[in-house]
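Subject: Structure handover

Hi,

Here is the structure I promised. Please open it alongside this note; what I found follows below.

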Amino acid sequence: MYQRILVATDGSTLSKKAVTHAIGLAKLSGAELVALKVVPRYPQSYYEGGLMLPATDIAKIEKQWAAQAQGVVDAVVKSASAKGVTAKGQVVKAELVSEAIIASAKKHKVSLIVMASHGRKGLKRLLLGSETQQVLTHSAVPVLVLR
C-alpha cells in the first residue's frame, strides 16, 4: 500500500499526534518513515518584519532553530525505531513550509504525506494562511490531515 510515508512535524502537541499516527500507519503497511521539520529563514530586512540584527546574530538564531529542529526529528526517528519502523529525519530551511513539504515528498518519492491541521479560523487563517491547505492543493501524492 504505502512504501514511504513523510510526516511533517513542528514539535507541537497536535503534530505529535500526527507523528504517532504516521508511525502506526508505517508499521501496519511496512513503510519507511521520513520525519520532516521545516525551519524558517530569519527575515533579513525591516520590511520583511524582522529586527535589524548583525549577520552573526542571525546566524546564531538560525543555528539554534536548526538544532531544535534536529532534536524534533531525532525524537521521531527514535520513537519510530522503538516500534520497529525504519525512519530517517530531515531538517529543511525554507521560506514557505508547504513548498518544502512538497519538495521533500518528491525528493524522497513518498506515497503519502501525513500532517496536522492547526485549525486556524477567521482573521488568523486569512493573515497566516494555511500550510496544510497549500499542501493539499499542490501535492501530487495523497495527504492525510489530522486535527
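Does E62 count as buried or exposed? This is a predicted model, so read every value as computed from it. E62 counts as buried, because its relative accessibility is 14% and the cut-off for buried is under 20%. The residue belongs to helix α2, which covers residues 55-82. Its side chain has a polar partner: the side chain of K93, at 3.4 Å.

Now the strands. Strand β2 spans residues 32-40, and seven of its nine residues are buried, so the rest of the structure largely encloses it. Strand β1 (residues 4-8) runs parallel to β2, with five bridges between them. In that pairing, A8 stands opposite L36 of β2. Between β1 and β2 the chain passes through helix α1 (residues 13-29), and this β-α-β crossover is right-handed. Strand β3 (residues 87-94) is also joined to β2. That pair is parallel too, with eight bridges. V38 stands opposite V92 in β3.

V7 counts as buried because its relative accessibility is 0%. Beyond its neighbours within four places in sequence, V7 is in contact with A18, V19, A22, L33, V34, A35, L36, V76 and V114.

Over to you.

Best wishes

Technical notes
Residues are numbered from 1 along each chain as its sequence is written. This is a predicted model: local features need pLDDT of at least 70, side-chain atom pairs count only at pLDDT 80 or more; totals for chains, interfaces and linings use all residues. Side-chain values use heavy atoms; hydrogens and water are left out. Helices (H or I, at least four residues) and strands (E, at least two) are DSSP runs, numbered from the N terminus. Buried means under 20% relative accessible area, exposed over 50%, partly exposed in between (1.4 Å probe, protein chains only). A polar contact is a pair of N or O atoms within 3.5 Å; within protein, one must be able to donate a hydrogen and the other to accept it, and residues adjacent in sequence count only if both atoms are side-chain atoms. Two strands pair if DSSP finds at least two bridges between them. A crossover is right-handed if, with the strands pointing away from the viewer, the path from the first strand over the helix to the second runs clockwise. Contact means heavy atoms within 4.5 Å.
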